[in-house]
Amino acid sequence: MKRLLTHIKQHWLIIFAVFAVIVAVMTALLVINPPPKTLVVATGAEGGTYSEYGKRYQDFFAKRGITLQLVPTRGAQENADLVRDPNSPIEIAFVQSGLIDPAKAAHIESLGSIGYEPIWLFYRGNDVDGSLQKLTDFRGRKLAIGEKGSGTYTEAIHILSLSGLDTYPHLVTMPTAEAVDAIERGEIDAIFLIQGVQSGNVKRLLANPDLHLANFVRADAYAQNLPYLERLTIPMGGLDLKRNFPAENIELIATTTELIIKDRVHPGIQMLLMQAAHDINGKENFFTKRGQFPAFLGSGLPESQQAVLYYEKGLPFLMNHLPFWLAEFIHRTIFFLLPMLVIAFPVIKYLPEFWENRMRDRINNIYARLEKLEQDMASSIDPDQRTAYLARLDEIEHLAFKLKHSKTHSLEYYTLRGHIDYVRSCLQGSKPYINPRN
């Protein structure tokens, strides 16, 4: 313990500098940019695909100590509007690709697509002659295109506009749930639906023998005109082998669900979202293979650099092996410690030299006073001055006694003490004094 105290006394300046660096780093970690504990997410209508995604992401984040506050909306279009609004509390949203114009995507970023959203077109009646092969073949029929403000409505208008049907007078706008009821009652002739194959609405319409599924025979052309669209194929009998439904290969077009964030979202949270997308949306399903999502599919929106890093290298090592809060804490420690060390290293490296110089300067200062005394003694050997000389020497010796020195300066220190004793012996007459000028 005594040796430890001695070491601390000898190297207190270095210890203080290291301690100051540690305190600065810890203060930065506690004050600067920690991950938030609560995030606000725009989902969609209750019971819809986005709502289900939201609940699963909420559970995922809850296990890691973060609360996702889910905000129900009318659908993808409202989600897109909310996440683009700088005054909106919405920080994360599930959005259909293609709803946001990249030129108007300031302060938002994409983490990539997390799944297909097939675009279904169900219609009433028989198509025994194969005449309903193109959207233009539906001219003259009542076609439900979703509720204004919904992603279905916006996407339907995009698709219909390619055939010049976006101003078609028989287009009907209504919520999806109402449109499903209406087509089963025969009040409308066809319905656009953008939902997963496992959704209740799609299952309900597929099971209705009075309804048929349109075959998008020009799917490649739609995907070429709207790059965010993908072509999907339902093989013969793919939906029901027993009744061989469909009776032939059916081509669909699909948009994708894109995970959009405001660019201010914490980098650690972005990586956690990528991990959630991998775990929740990366599984195999009817249209996708395992690991196909998340992925960038060319929506044109600004890409998050954190997502780019994830796609190139995967999750950071620490997030793969440690709880999120600990991995993030260590990451921030490294992030702040490295620049601090860049600044502190030269300082700490210089401290021993500074200490050595400081000790040498103190010894030299005492030597300077001793030299001045010797010069005065050499210029005047008057015995009456002996008492005054001894008083000055006592003062110099007292300064030497108070001098705290390290082992590296022991030789210089005791050489100084020897010189002081020599001058004292000369003053007391036990040794002849030699004038240094001679």
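The model is predicted. The chain has 438 residues, and 43% of them are buried. Its secondary structure comes to 14 helices and 10 strands. Among contacts with a separation of 6 or more, 74% join residues 24 or more positions apart.

**Helix 13 and helix 14**

Two packed helices are described by the angle between their axes and the distance between the axes. Here the axes of helix 13 and helix 14 come within 10 Å. They cross at roughly 165 degrees. Angles over 145 degrees count as roughly antiparallel, so helix 13 and helix 14 are roughly antiparallel to each other. Their crossing is left-handed. The table lists the residues that make the contact.

| Helix | Residue range | Contact residues |
|---|---|---|
| Helix 13 | residues 386–402 | Arg386, Tyr389, Leu390, Leu393, Asp394, Ile396, Glu397, Ala400, Phe401 |
| Helix 14 | residues 410–427 | Tyr413, Leu416, Arg417, Ile420, Asp421, Val423, Arg424, Cys426, Leu427 |

Of the residues in this contact, 12 are nonpolar and six are charged. None is polar.

**Arg424**

Is Arg424 buried or exposed? Arg424 has a relative accessible area of 15%. Buried means under 20%, so Arg424 is buried. Arg424 is found in helix 14. Leaving aside residues up to four places away in sequence, Arg424 touches Leu390, Leu393, Asp394 and Glu397.

Notes. Residues numbered from 1 in each chain as written. Predicted model: local features only at pLDDT ≥ 70, side-chain atom pairs only at ≥ 80, totals over all residues. Heavy atoms only, no water. Axes fitted to C-alpha atoms, helices over the stretch in contact; angles between N-to-C directions. Helix = DSSP H or I, 4+ residues; strand = E, 2+ residues; numbered from the N terminus. Parallel < 35°, antiparallel > 145°, perpendicular 65-115°, else oblique. Left-handed = near helix turned anticlockwise from the far one by under 90°. Contact = heavy atoms within 4.5 Å. Nonpolar A, V, L, I, M, F, W, Y, C, P; charged D, E, K, R; others polar. Buried < 20%, exposed > 50% of the residue type's maximum accessible area, 1.4 Å probe, protein only.
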